[in-house]
Amino acid sequence: MILAIDVGNTRIKAAVFEGDILVENFVFFKNELQKNIQNILKKYKKVVDLVVSSVGDVEKQSFLELVNDLKVHFISHKYPFPFVNCYATPKTLGIDRMVLAAGATLQFPNQNRLVIDAGTCVTFDFIDENNKYLGGAIAPGLRLRYESLHNYTAKLPLLTLEDPKDLIGKSTSDSIHSGVANGLVYEIDGFIDEYSVRYSNFIIILTGGDTEFLAKRLKNTIFANSNFLLESLNQTFQYKIKND
Ligand SMILES: Nc1ncnc2c1ncn2[C@@H]1O[C@H](COP(=O)(O)OP(=O)(O)O)[C@@H](O)[C@H]1O
Ligand SMILES: CC(C)(COP(=O)(O)O)[C@@H](O)C(=O)NCCC(=O)O
Ligand SMILES: [K+]
């Protein structure tokens with residue numbers, strides 16, 4: 001069994017895999033890392049490998065300290081990946097984006113793929129049908145938008161995600177919900193439309209903490225899968241074993 005762990009900038013997501021099957025998944029914050037990992041390992045005694053990708057400030061050492069006899073595989077840029085990396089600054093490309101691109105390449109062979117990860121940031125990653133990773137975009141995520149409106153103004157309250165009542169916000173809070181929630185939906189649909197101008201065919205995978213909210217509001221057809229990064233982590237690890 002494998003325990004896959006995705007350290008994002010907001011939360012840590014983890015999942016136990018038996019082969020390709022996701023047995024159980026978990027979400028927690030950094031300050032509860034130790035307790036959660038210990039509980040998972042207590043429950044799943046057959047876990048022998050920890051596979052970690054981190055874009056947050058949790059380093060490999062934190063995991064090594066938690067486990068004695070288990071192997072910790074910290075995914076790095078040096079891993080074999082199933083695509084050609086055409087990013088101009090490959091060393092600064094987020095390891096989460098590389099793992100997502102690996103998952104998209106392996107799960108959806110021989111086609112153009114756009115991966116959208118709506119987490120702390122919303123990232124777009126495009127891998128073409130020749131398995132070339134071309135790059136994408138980084139934008140502020142949903143919660144970051146609510147927080148920045150509050151943090152960088154004198155008068156705007158800190159709100160949490162709510163379904164906008166209408167396009168036309170009739171109060172301060174309605175205007176913020178429309179601006180942030182409708183805004184992100186229109187932005188993602190707009191990006192997809194622009195990609196469609198360049199590529200006649202591509203599949204779209206949506207993942208991240210805001211998947212559920214966004215999936216039912218986007219006009220474009222997408223594969224929505226909150227666990228796509230965790231599944232991709234498992235696949236990236238299997239790919240390394242096969243190619244080492
Ligand atoms: N309990 C929660 N705490 C923080 N964000 C949450 C929570 N539930 C849902 N979210 C949403 O998840 C998004 C962050 O996604 P997440 O997958 O946690 O990010 P990351 O991978 O960057 O850690 C936020 O924009 C927020 O709207
Ligand atoms: C863009 C990100 C901050 C996204 O992080 P997340 O929203 O998943 O927490 C992360 O992929 C990152 O630190 N990237 C480095 C810059 C780059 O990918 O070019
Ligand atoms: K992201």
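Because the model is predicted, local features need pLDDT of at least 70 and side-chain atom pairs count only at pLDDT 80 or more, while totals for chains, interfaces and linings use all residues. Residues are numbered from 1 along each chain as its sequence is written, and chains are lettered from A and ligands numbered from 1 in the order in which they are written.

The chain is assigned two domains, domain 1 (2-74) and domain 2 (84-233). These bounds come from an automatic or database domain assignment. The C-alpha centres of the two domains lie 24 Å apart. Domain 1 brings 13 residues to the contact and domain 2 brings 12 residues. Two residues are in contact here if their C-beta atoms, placed from the backbone, lie within 7 Å. On the side of domain 1 that touches domain 2, at least two residues come from each of β1, β2 (12-18), β3 and β4. Strands are DSSP runs of E with at least two residues, helices are runs of H or I with at least four, and both are numbered from the N terminus. By class, this side of domain 1 has five nonpolar, five polar and three charged residues. Ala, Val, Leu, Ile, Met, Phe, Trp, Tyr, Cys and Pro count as nonpolar; Asp, Glu, Lys and Arg count as charged; the others, Gly among them, count as polar.

An open sheet is built from five strands in the order β3-β2-β1-β4-β5, and its pairing is mixed. Two strands pair if DSSP finds at least two bridges between them. The edges are β3 (21-28) and β5 (71-74). Each has a single partner strand, so one side of each is left without a neighbour in the sheet. On average, neighbouring strands of this sheet are turned by 20° against each other, direction ignored. Such angles are taken between axes, which are lines fitted to C-alpha atoms (for helices, over the stretch in contact); angles run from 0 to 180 degrees between N-to-C directions. Strands β1 (residues 2-7) and β4 (residues 49-54) run parallel and are joined by six bridges. One bridge links Ala4 to Val51 in β4.

Strand β8 (121-127) pairs with both β7 and β9. Six bridges join β8 to β7 (residues 113-118), and the two run antiparallel. Asp117 has Thr123 of β8 as its bridge partner. The hairpin of β7 and β8 has two residues between the strands. With β9 (residues 132-140), β8 forms seven bridges, again antiparallel. Here Phe124 is bridged to Ala137 of β9. The hairpin of β8 and β9 has four residues between the strands, and Asn131 takes a positive phi near 60°. Five of the seven residues of β8 are buried, so this strand is largely enclosed by the rest of the structure. A residue is buried if 20 or more other C-beta atoms lie within 10 Å of its own, exposed if 12 or fewer, and partly exposed in between, with C-beta atoms placed from the backbone.

Ligand 1 has 13 residues around it, and Gly8, Gly119, Thr120, Arg143 and Gly209 come nearest. A residue is near a molecule or strand if its C-beta atom, placed from the backbone, lies within 6 Å of it. The shell holds two nonpolar, eight polar and three charged residues. Both domains give residues to this shell, so ligand 1 lies between them.

Ligand 2 is surrounded by 14 residues, the closest being Asn9, Gly94, Gly119, Thr120 and Cys121. Elements α3 (95-107) and β8 each give two or more residues to the shell. Its classes are four nonpolar, seven polar and three charged. Each domain supplies at least three residues of the shell around ligand 2.
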